Amino acid sequence: MHRHCKDRNVILNVLSTITNQQAYTMSNIQGEILWVDDEIESLKSQILFLRNKGYEVTPLSNGHDALEFLKEKTVDVVLLDESMPGITGLETLSKIKEMNPNQPVVMVTKNEAENIMEEAIGGQISDYLIKPVNPNQVLLSLKKIMDTKRLVSEKTTIAYQQDFRNLFMALSSNPNHEEWKELYKKLVYWELEMSRSESPEMMEVLQSQKAEANTEFFKFVSKNYSKWIKDKSADAPLLSHETFKRKVAPHLEQGKPTFLVVIDNLRYDQWKVLQPIISETFKMVEEDMFYSLLPTATQYARNALFAGMLPIDIETKFPLEWKNDDEEGGKNLHEETFLRHQLKQLKLDGLKTQYLKITNNDHGKDLEDNIHNYLNNDLTVIVYNFVDMLSHARTEMEVLKELAGDEVSYRSLTVSWFEHSPLYRALKKIAEKNIQVIVTTDHGTQRVKTPSKCVGDRQTTANLRYKHGKNLQYEAKDVLAFRDPREAGLPRPNVSSTFIFAKEDVFLCYPNNYNHYVNYYRNTFQHGGVSLEEMLVPVVRLVSK
């Protein structure tokens, strides 16, 4: 608690410094304006007003001079009269955009004719003012164009500073599993707000608070996980193996098509940046989170989601289908078998159900082409593996290492993929039908930064965020360990198997060739361990608008 207070005071001082720096910057803005008007002499009072506000204004009386000026000098905004003798404002606008397509231009005119406005807007003007303009009108337009990011950044800083104390108090008050969900939602909210405001100092403060949250979350999971698994009467969160039963099954009915879309590796922050895109065609009626089982890896978490059972029970019920990490064969080849067993247990096997797994773009195109056929099903399950491939490729491909070097760019890449994906095109095709779509995932990912040495025999698993094997040697402070995997609801490959799960942003490396692997895997997105990003994942229900 003492350390929390100390950290809080240090970070509050940083936030205060950032706010003061922004206020200082605001009072010393030097915007460069070019104002072009054939009656420029009549605008002296407006120009003086802007200069007093800290803008440097260059007045010119015709389009030719403006174009010559812009060949030599860069300005922040051009204020351009539409009706000038010689070369008109629209013609000048066209030539300015040829020289610099990104140059902000505000058209100023007496002419309110609709075709003139449309032509100016088509020429990509930044704003449109009708004469006579008063100085405050011009100032507002300039602020909209030049200062939006700064103003957003200032507002976000102040709002976060106010909420910062609340988040720290919540972290210090021993939150339960529901409160952890709310805490994580708030942290993601601020992360997305700050990425829009482009304030690296603020983002650094938030990342510090997020790291503190992950430290406390690891302690919380370490203390409670085995109770959640073993004691059915315990105050346990919604876990992977009960998510279908509680979040999907109650909404299934004959004659109403439901699409369950499982996008693997989809973190909550990635969902939040996809949400505005999906909301264009679907209405969200419920958003929640569940706790992914450990290990937060496809073979365990997704099989549990479809089977409605813990991994240890899946192995017992389906000994031929279940494969441990060290066994030969595919680990997720029997999801449909597990799903149909769960539907039977829930007395839903009378529903017409179809299971699809999309592992490449050709499969995606088949989904898009045939999506209307699936409207005949009561339940269509679509497992979309693209995000998983993306995150693994993020480790293996240098190009993607450049494209997804941090959470901001990883989210951006996810948005770009989704907007152009066969999945989104398929959903848009059926958006007008009376359907519901449930979007979820198996687990999230964590960007790993802190290496920790781990030693095991040849049978030890290769995953960077969890391992199991005999005679494992590891840094106890860096992992949650289960010497008896059954306490975590996991199969026991042999009598002396131990499971370990990396905490926070730790990744597990063997001592052999240690430095090479540390440099190779640091800052890559991995899964299997204990973190907010991996364990708290979205389940969302949408309906046709």
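Contact is taken here as heavy atoms within 4.5 Å. In the predicted model, Tyr225 touches Leu293, Leu294, Phe482, Ala488 and Met535, leaving aside residues up to four places away in sequence. Tyr225 and Leu367 are the residues with the most contacts inside the largest nonpolar core, which has 104 residues. Helix α9 (residues 200-230) supplies the largest share of this core, 12 residues. In soluble globular proteins, nonpolar side chains tend to be buried together.

An open sheet is formed by three strands in the order β14-β12-β17, and its pairing is mixed. Strands β14 (473-474) and β17 (506-509) lie at the edges, each pairing on one side only. The pairing between β12 (residues 450-455) and β17 is parallel and extends over four bridges. Within β17, Leu508 is the bridge partner of Ser452. Helix α20 (residues 514-521) lies across β12 and β17, and runs at about 145° to β17.

The volume of the largest pocket is about 460 Å³. This pocket is lined by 21 residues, of which Lys232, His241, Glu242, Lys245 and Gly308 are the closest to its centre. At least two lining residues come from each of α9, α10 (240-248) and α14 (335-345). The largest share of the lining, four residues, is supplied by α10.

Methods
Residues are numbered from 1 along each chain as its sequence is written. This is a predicted model: local features need pLDDT of at least 70, side-chain atom pairs count only at pLDDT 80 or more; totals for chains, interfaces and linings use all residues. Side-chain values use heavy atoms; hydrogens and water are left out. A nonpolar core is a set of buried Ala, Val, Leu, Ile, Met, Phe, Trp, Tyr and Cys residues joined through side-chain atoms within 4.5 Å. Buried means under 20% relative accessible area, exposed over 50%, partly exposed in between (1.4 Å probe, protein chains only). Two strands pair if DSSP finds at least two bridges between them. Axes are lines fitted to C-alpha atoms, for helices over the stretch in contact, and angles run from 0 to 180 degrees between N-to-C directions. On a 1 Å grid over the protein atoms alone, a cavity is a set of points where a 1.4 Å probe fits but cannot get out, and a pocket is an open set with protein on both sides within 12 Å along at least five of seven lines; lining residues have an atom within 4 Å of a point. Grid points are joined across faces, edges and corners, and a volume is the space filled by probe spheres set on the points.
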